[in-house]
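Here are my notes on the structure you sent, as numbered points. Please read them alongside the coordinates.

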Amino acid sequence: MKKILVSGCLFGWHCRYDDGDIPCLDERFLQWKAEGRLVPVCPEVFGGLPTPRPDSQRVGDKVLACTGFDVTAPYEAGAIEAVRLAQENEVAFALMKEDSPSCGSTYIYDGTFTDTKIQGQGRAVELLREAGFPVLNENMLDQAEMLLKEQEK
Ligand code: SF4
């Protein structure tokens, strides 16, 4: 059975910076969860950051908290751990929370903390793609379903 790496907050963990979750309630996601296919990861928590934590955004090669603190190192550690889990579980692909500086796959915030999004990807997604894993997000369940069928042929 092929597995799927997923963002912990989509899985239902309260791991967001504001201590919230944002569970994916799509029937297919819930079925995959019940089948034991999903491998949850929160790169920020797995990198050593607490919950709650200051809002942070990618700024060039760094990740900065809204307080100005440089949090690049824990983001990097969490991204490496996400790749390790993906490889260990030989996942078919990753399904990650859009807009996050770790998990965003299409859009992220622009580093100005003015609620402005730009095209880009989070650090964990960047490393997952470099390692060869396809990455989708919670708005791409149709594509995820097709990809899973293809990989299970
Ligand atoms: Fe969710 Fe990813 Fe942010 Fe963790 S790092 S809270 S899994 S979006």
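1. Helices here are DSSP runs of H or I with at least four residues, strands are runs of E with at least two, and both are numbered from the N terminus. The model is a predicted one. Counted this way, the protein chain holds 6 helices and 8 strands. Starting at the N terminus, their order is β-α-α-β-α-β-β-α-β-β-β-α-β-α.

2. Overall dimensions. The C-alpha trace of the protein chain spans about 50 × 30 × 25 Å along its principal axes. The radius of gyration of the protein chain is 15 Å, which agrees with the value near 15 Å for a compact globule of 153 residues.

3. Helix packing. Helix H4 (residues 72-88) packs with helix H5 (residues 123-130) at an angle of about 40°, and their axes are 8 Å apart. H4 is therefore oblique to H5, since angles under 35 degrees would count as roughly parallel and those from 65 to 115 as roughly perpendicular. The crossing of H4 past H5 is right-handed.

4. The H4–H5 contact. H4 contributes Tyr75, Glu76, Gly78, Ala79, Ile80, Ala82, Val83 and Ala86, while H5 contributes Arg123, Ala124, Leu127 and Leu128. By class, the residues of this contact are 9 nonpolar, 1 polar and 2 charged.

5. Around the ligand are Ser7, Gly8, Cys9, Cys15, Arg16, Cys42, Pro43, Glu44, Lys97, Ser100, Ser102 and Cys103. At least two residues of this shell come from each of helix H1 (8-11) and helix H3 (43-46). The shell divides into 5 nonpolar, 4 polar and 3 charged residues.

How values were computed
Residues numbered from 1 in each chain as written. Predicted model: local features only at pLDDT ≥ 70, side-chain atom pairs only at ≥ 80, totals over all residues. Axes fitted to C-alpha atoms, helices over the stretch in contact; angles between N-to-C directions. Parallel < 35°, antiparallel > 145°, perpendicular 65-115°, else oblique. Left-handed = near helix turned anticlockwise from the far one by under 90°. Contact = placed C-beta atoms within 7 Å. Nonpolar A, V, L, I, M, F, W, Y, C, P; charged D, E, K, R; others polar. Near = placed C-beta within 6 Å. Rg over C-alpha atoms; globule rule 2.2 N^0.38 Å.
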